[in-house]
Amino acid sequence: MKVGVVVFPGSNCDQDLIYVFDKILGQEVVPLWHKDHDLQNVDFIALPGGFSFGDYLRSGAIARFSPIMQEVIAFANKGGYVMGICNGFQILTEAGLLPGGLLHNTNRKFICKNVYLKAQTQNSLVTSAIASNQVLNIPIAHGEGNFYAHADELKRLNDNDQVLFRYCDAAGNITEEANPNGSIENIAGVCNASRNVFGMMPHPERAADAILGNQDGLPLFESILKMVNA
Amino acid sequence: MRPNSNIRIKLENNNLTTLETAKDLGLRPEEFEKIKEILGRTPNFTELSIFSVMWSEHCSYKNSITWLKTLPKDGPRMLAKAGEENAGMVDLGDGIACVFKIESHNHPSALEPYQGAATGVGGINRDIFTMGARPIAQLNSLRFGDPNHPKTQWLIKGVVKGIGDYGNAFGIPTVGGEVFFDECYHVNPLVNAMSAGIVKVGETVSATSHGVGNPVYIVGSATGKDGINGAAFASKDITEDSVNDLPAVQVGDPFQEKLLLEASLEVIKTGAVVGMQDMGAAGIICSNSEMSAKGEHGMRIDLDKVPTRQQNMLPFEILLSESQERMLIVVEKGKEALVEAVFEKWDLNCAIIGEVTDTKRLQYFMNGELVADVPADDLVLGGGAPVYQREYKEPAYYQEFQKFNIHDVKEPEDLKAVAQHLTNHPNIASKRWVTNQYDSMVGTANMVTNKPSDAAVVSVKDTNKAIVLTVDCNSRYVNADPQKGCAIAVAEAARNITCAGGEPVAITNCLNFGNPYVPEVYWQFVGAIKGMGEACTKFETPVTGGNVSFYNQSSDEGPVFPTPTIGMLGVMDDINNMMTLDFKQEGDLIYLVGESVNDIASSQYLASYHKIAASPAPYFDLDKEYETHQVIKQLISNKLIQSAHDVADGGLYIALLEASMPNQLGFNINSDSEIRKDAFLFGEAQGRIVVSVKPEEQEAFVEFMATTETEFSLLGHVTGGSLLVDDESFGSVQDAKSTYDNVLHNILGE
């Protein structure tokens, strides 16, 4: 699998994603510079976390206009696999590739901590290898991660099995207390209707390296490898 | 190139200054005389402004350098020693070096907590990457007044958000720090920020300037009117008039800083850079003079070529502006295109503003007219900047504090109430309200996220090494006894690094004190330096630099506790040597390594439960402490212990609780009949470490300990969650954790 990691000015998780794909998963990975138009024949595109263009406006609102994003959008519309993590998720919603939007956390603060997640479907590229009762301990780090979708959209997401992850407690219960940022229905990640574009606020790349004492993010990457290489 | 006589006459007749102006700019009468002597004439306003900032305490260290020079600064690992570059550089082995430094942003944070703290983070990181190192970890040390006071809450919320917003967007994890509350910081909070970066040996850049005709670039943000005279502002007491200094506070832009980081590291790779220095305190003039003095050259600068945010900025404003996110770069002539391409790629300003000359003078032109002409060397520390010996005098309180006797303090009957009091105290309780607002994990190198440890352990990618970092200073101890208290701060830092499995290698310091012209304050400073020197010599941790922040005192409330914050760097050659602080399993044995002492002096317990401020520093024996650390190192490398946690604020009880909470375990211990039980549980005698040992390793552990001179005692064992002392229940770990975790939330809100 050849992975492209988009680098916007202000991206700061790009190297972490590259490290996981390259050093831990042993895949070919190339950075895709925001000013370029060449996707270098990648099989999978990842939009990393960070503060693209400073995120002084709404998060992701400027990055979607980057030259590379024109190509990413075309790639996704042709069925190519695109995944956004944290700021990458925000950019994909701004670009209209994913439904919903990300609001300020309800406590109006940046929150960085480990949270628990449960996959809500196995019918996706990023969750196919995750058991439905498996509780994953994955960090979040964001100020605007409060997922919102209006009622019709939310119904479509649920009806079409587009919710990838919900926040839960250590025992796997999806409760209000386990919701770190106010996301509607505890939603932590979604995919589009065609199931080729994915977004999530938690950072699986921060839970992939054994030396950090937490590899709960690995099943997610293994799902991707299994499907793309299949 | 010297100015011709016509220009020179114009310079002299233009806006000549008086002693009054000099005083207004914070200069002393004798300093004004010295400036006239250096120039051979009366300075104009621009020149006087230059001297006023460069000779401010903040830039010149004029009231501290005599004593700072007594500190140990040599060591086998030192690649850049104190005063040589923007930050200290330490050899980690295998061609890797660590650049690290701590700096204060106290005065700006007192007035404008958000921007004050944010720009503190920005400034310290620029000190690291201006040397070519990529920052990989940040820490901070924060001190505030009573957290229940509305003004303090405004300060805490602003400072924490400022640090978070800047550091999070910049994308370097905040991996450690300390937060301490005491009334003495009510007017003057302390905001100390530390950063550490990694660079390959031989790929660093120096803050120097040479090569006649080489172009001088300013890159990064445009220059505005923010932060003018900030260094001078930081060099005086805070009074009600300080509100007029608000324009001296700078405004930060972490996005620009992130771009500047990437562009700066990329431009070094071109091989075109002669020297580079960031612009922080005292702006362009500081970088120009320090680089020129170091490289023994001069500069000719056209101020009208500096990109500005406002129109019609005056020469002194451009020179002194502390606008953030800027760098000065001297480039090898002929390689301009290589440099400009990098800044073009990152969409950053990049302008040639002058060139290197052989005059050793700094000559500033505005629209072709010479507006200032000063010798570089006379502006800087180690050159012509003044150096003062200050008077000092032992304050009356010191002897009073020494008279303290534990027998005069009645032992409380209900020690569970004391335990509850401490668990519920903001100085002891969890700081997660603060730390969860910082991105502590970006960079995927922070090894303590899931493995709590006494110090931050940050892996160095593509090696098997980690750097180990901590910031420590119990300022109550330093106030009680500056010399001993500061030695304790160094020892505690070394203890934390050692307990995490690291080897202490060097320190950086942030010396926060009151007004140096007050002899009793200066006595605290001198004592602290002596204690730091002794302890750093013992631990073989040279002082690589840092900063001095005097004038942390207000007109009505006096000085803050003397607070010499120690930022220590340790190295771990093999990340598998990492040690954690948490109890692992029910049934493991709990030992205390180090001596139990009948001492409650300067403890949190004595200060807040008994409300007794007059007591000396706690028990401390530097030689024994050092020996204990060597023992702990061997226990870790021989894999004889499951956990190691030092006994610090709150004493043994709190240390045991902290070791219990991560895995929801508890402890069952017995006290020592020879020591008062309150001292045993809550005293803060130094040099003690709680370790846990698997039952099957007990024999090997005891055998090993018997070969050492260090005292040790069996305290008890790890339980499934109950907290027991002498068979008396102190509650459950769940209840204690629920209290401990929510103290700051209850005070500060969600």
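**Close-up views of a predicted two-chain model**

**View 1. The interface of chain B and chain A.** Between chain B and chain A the count is three salt bridges, a salt bridge being a side-chain nitrogen of Lys or Arg within 4 Å of a carboxyl oxygen of Asp or Glu. This is a predicted model, in which local features need pLDDT of at least 70 and side-chain atom pairs count only at pLDDT 80 or more, while totals for chains, interfaces and linings use all residues. Residues are numbered from 1 along each chain as its sequence is written, chains are lettered from A and ligands numbered from 1 in the order in which they are written, and side-chain values use heavy atoms, with hydrogens and water left out. In contact with 30 residues of chain A are 35 residues of chain B, where contact means heavy atoms within 4.5 Å. The two chains, B and A, bury about 2600 Å² between them, 57% of it on carbon and sulfur atoms; buried area is the accessible area (1.4 Å probe) that two parts lose on being put together, summed over both. Of the area that chain B buries against chain A, 22% comes from Phe255(B), Met441(B) and Thr444(B), more than from any other three residues.

**View 2. A salt bridge between Lys23(A) and Asp462(B).** The closest N and O atoms of Lys23(A) and Asp462(B) are 3.0 Å apart in this salt bridge. Lys23(A) lies in helix 1 (residues 14-24) of chain A and Asp462(B) in the loop between strand 14 (456-459) and strand 15 (466-472) of chain B, so the pair joins two chains; helices (H or I, at least four residues) and strands (E, at least two) are DSSP runs, numbered from the N terminus. Lys23(A) counts as partly exposed at 47% relative accessibility, whereas Asp462(B) counts as exposed at 62%. For these words, buried means under 20% relative accessible area, exposed over 50%, and partly exposed in between (1.4 Å probe, protein chains only).

**View 3. The surroundings of Arg326(B).** Arg326(B) has its place in strand 10 (residues 326-331) of chain B, and with a relative accessible area of 0% Arg326(B) is buried. A polar atom of the side chain of Arg326(B) lies 2.8 Å from the backbone oxygen of Ser321(B), and the side chain of Arg326(B) also reaches the backbone oxygen of Ser323(B), at 2.9 Å. When residues up to four places away in sequence are not counted, the residues that Arg326(B) touches include Arg126(B), Leu260(B), Asp278(B) and Met279(B).

View 4. At 1.5 Å a residue, the 16 residues of helix 11 of chain B should span 22 Å, and the end C-alpha atoms are 23 Å apart, which agrees; the expected span is 1.5 Å times one less than the number of residues. Helix 11 of chain B is mostly covered, with 14 of its 16 residues buried. The N-terminal end of helix 11 of chain B is capped by Asp253(B), a side-chain oxygen of which lies 3.1 Å from the backbone nitrogen of Phe255(B). Just after helix 11 of chain B comes Gly271(B), which takes a positive phi of about 75°.

**View 5. Ser64(B) in a loop of chain B.** The loop that holds Ser64(B) runs between helix 5 (57-60) and helix 6 (65-68) of chain B, and Ser64(B) is buried, with a relative accessible area of 0%. Although Ser64(B) and Val526(B) are 462 residues apart in sequence, they are 8.9 Å apart in space, C-alpha to C-alpha. The side chains of Ser64(B) and Glu57(B) are joined by a polar contact of 3.4 Å, that is, a pair of N or O atoms within 3.5 Å, of which, within protein, one must be able to donate a hydrogen and the other to accept it, while residues adjacent in sequence count only if both atoms are side-chain atoms.

**View 6. A salt bridge between Lys538(B) and Asp623(B).** The side chains of Lys538(B) and Asp623(B) meet at 3.0 Å, N to O. This pair links distant parts of the chain, with Lys538(B) in helix 20 (residues 519-539) and Asp623(B) in helix 22 (residues 622-637) of chain B, 85 residues apart. Lys538(B) is partly exposed at 27% relative accessibility, and Asp623(B) is partly exposed as well, with a relative accessible area of 46%.
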